[in-house]
Amino acid sequence: MKYIFKLIILSTVISLSSCDDFLEMTPLDEISEVDFYKTEEDLRTAVNAFYQDLPGWGSISLGFNALPDSGTDMLTSENISGRLSGFNYSIPTSASGSDWGKWDEIRETNWYLAHVDQAEGEETEINQYIGEGYFFRAYHYFDLLVDYGDLPIFNQYFDDTNLDLVFKARDPRNEVADFILSDLNTAISLLQSFPDISTSPRISKEAALLLKSRVALYEGTWEKYHLGTDHGVDGSDGSSYLQIAAEASEELIDSGVFSLHNDYKSLFNQIGLSGNIEVILWRDYDDLALGINNVLQTSWPNRCGYTRFAVRSYLCSDGNPISASPLYTGDQNLSTIETNRDPRLAATIMVPGDLLKIDTDGSELAWENPDFSTTDSGNTGYESQKYRDVNIDGNLSDFTRETSKIIMRYAEALLIFAEAKAELGDISQADLDKSINMLRNRVNMPGITLGSITADSNWPNYGYSLTDILYEVRRERSVELMAEGFRADDLYRWRAHSLFNGDTPRGAFYADGIVNIELEEGNAQLDAEGYLTPFANLGNYTFDVKAYLKPIPLDELILNPNLTQNPGW
């Protein structure tokens with residue numbers, strides 16, 4: 001199929017309706033389980049509904065799509081409020097509309113898993129759909145773990161008569177992580193390998209392996225860097241999870257099922273990802289046939305901008321940081337900022353002369369300057385090259401609304417493997433050559449050689465020191481996965497608030513690199529060095545360590561007196 005998720009959810013067959021909070025137990029089924037969940041087709045119909053919960057681009061009604069990682073130290077958007085900025089610390093009064101409402105998805109997957117055993121049919125297909133159910137329960141539990149830490153573990157469907165579960169207390173976060181990994185192990189044992197799935201793309205064994213390695217890396221580094229704090233796990237440095245992360249990612253690497261796409265830039269600007277050798281899970285859009293689209297390409301520059309910190313993270317083409325390379329030409333002119341730099345920078349930001357669009361008559365228009373016509377707030381002068389398709393769609397008289405959204409890709413497994421091994425302190429040159437150096441080879445950058453890493457006088461200040469290899473592994477992760485939605489979670493698990501606390505995001509140098517922009521009082525301003533500071537009028541970030549976890553809504557604490565609030569809230 002051209003469209004990845006042509007989800008035909010038959011609401012007359014089964015309703016997976018949500019509720020205001022997880023304690024409100026409304027029936028999920030419109031017809032009896034005696035009449036449904038009987039065949040592999042029934043299971044496929046039911047589990048298809050869960051695919052709607054996977055991330056994608058926003059709907060057309062939003063007016064624009066903020067790029068992934070917006071609101072972090074790497075990328076800004078017009079809305080700067082949130083946990084990282086410190087501008088919006090409030091406790092929700094209700095689970096409705098909060099992330100605590102994700103218990104709806106847990107309850108739906110539990111209902112599904114409670115009924116799958118009655119299905120009859122081809123065993124491989126039935127196992128596939130059961131495995132998908134375990135994958136999705138793990139996926140949603142991981143979201144909740146990242147947000148809230150300790151959680152009540154619900155491994156079964158229950159109604160409001162089961163008071164032991166209705167009023168269950170929170171289980172320790174490491175037990176929750178173990179529960180998630182157990183679900184993923186079950187999923188891995190049931191799911192088919194990607195090439196064997198007849199109706200691909202669906203959740204595959206490889207997708208479950210990647211999620212397993214992602215979960216284990218998150219918990220392992222969280223426990224390591226939060227050890228001894230209110231958010232840590234007593235007595236655990238996370239090493240057991242780091243070992244799991246290394247083993248799961250290496251299993252995926254050694255399977256040979258996926259490999260790297262040959263061109264980093266084009267990977268993110270495609271319409272349709274079927275057949276791409278790197279992409280494990282994705283979402284396609286079909287505006288004309290199905291009316292399903294995104295507005296990513298209709299409102300550039302998306303009211304977003306990369307930060308100076310992000311741009312300075314890219315190495316020079318000799319493999320050295322800008323603080324140590326004689327090839328560095330500075331960042332005070334947008335026209336030369338990509339000169340002698342890691343090619344991934346050119347694939348990420350726009351500079352004068354870049355191709356802006358190709359019209360339906362074949363005429364080309366070059367990009368000249370950042371576009372501040374919509375709003376100053378959020379635009380740093382570093383507009384995004386990533387996710388742009390320069391071709392005008394004649395049917396829409398606009399840029400395409402059909403740019404695909406990557407959900408999982410193979411490069412993440414390479415990065416997880418290298419980071420887990422480096423965190424464990426036993427990374428070898430062979431480990432680097434099968435992971436990070438593969439990413440560097442793709443863009444013709446020198447690989448990392450252990451023992452010969454150039455010290456960077458501007459190593460990021462994480463609030464603690466790292467080995468040179470860990471600094472480089474984190475840098476590689478930052479630039480390879482730029483604007484793909486990983487940055488905030490990385491900052492949380494690394495306990496890295498020192499990177500941004502008390503500071504404000506900076507953008508491009510104004511005088512030489514950007515012209516024809518009028519700065520308005522109260523909007524984009526300049527710092528003492530002449531760099532754009534889009535949020536200077538709001539003051540500096542004031543991160544409070546309590547925000548490493550979100551607060552539980554107040555009404556949930558009243559409804560269930562066995563729940564406890566997160567530290568500091």
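Let's start with one pair. The side chains of aspartate 431 and lysine 421 meet in a salt bridge, at 3.9 Å from N to O. The two residues sit 10 apart in the chain, aspartate 431 in helix H13, residues 429-433, and lysine 421 in helix H12, residues 410-424. Keep in mind that this is a predicted model.

Is aspartate 431 buried or exposed? Buried, with a relative accessible area of 10%. Lysine 421 comes out at 16%. The cut-off for buried is under 20%, so lysine 421 counts as buried too.

Now the wider count. The whole structure holds 38 salt bridges. Let me show you two that involve helix H3.

First, aspartate 147 and arginine 83. Their closest N and O atoms are 3.8 Å apart. Aspartate 147 lies in H3, while arginine 83 is in the loop between strand S1 (75-77) and helix H2 (103-113), so the bridge ties together parts 64 residues apart in sequence. Both aspartate 147 and arginine 83 are buried.

Next, arginine 137 and aspartate 183. Here the closest N and O atoms are 2.7 Å apart. This pair links H3, which holds arginine 137, to helix H5 (residues 173-190), which holds aspartate 183, across 46 residues. Again, arginine 137 and aspartate 183 are both buried.

That brings us to H5. It has 18 residues. Its span, from first C-alpha to last, is 26 Å, close to the 26 Å expected at 1.5 Å a residue. Which residues of H5 are buried? They are Arg173, Val176, Ala177, Phe179, Ile180, Leu181, Asp183, Leu184, Ala187 and Ile188. As a reminder, an α-helix has 3.6 residues a turn, so residues three or four places apart point the same way. And what covers the buried residues of H5? The cover includes H3, helix H6 (205-225) and helix H7 (239-255).

Last, the nonpolar core. The largest one has 147 residues. Those with the most contacts inside it are Leu43, Tyr112, Phe135, Tyr141, Leu151, Ile180 and Met408. The largest share of this core comes from H3, residues 123-148, with 13 residues.

Take phenylalanine 135 from that list. Setting aside neighbours within four places in sequence, phenylalanine 135 is in contact with Leu184, Ala187, Ile203, Ala207, Ala208, Leu211 and Met408.

How values were computed. Residues numbered from 1 in each chain as written. Predicted model: local features only at pLDDT ≥ 70, side-chain atom pairs only at ≥ 80, totals over all residues. Heavy atoms only, no water. Core = buried A, V, L, I, M, F, W, Y, C linked by side-chain atoms within 4.5 Å. Buried < 20%, exposed > 50% of the residue type's maximum accessible area, 1.4 Å probe, protein only. Helix = DSSP H or I, 4+ residues; strand = E, 2+ residues; numbered from the N terminus. Contact = heavy atoms within 4.5 Å. Salt bridge = Lys/Arg side-chain N within 4 Å of Asp/Glu carboxyl O. Expected span 1.5 Å × (residues − 1).
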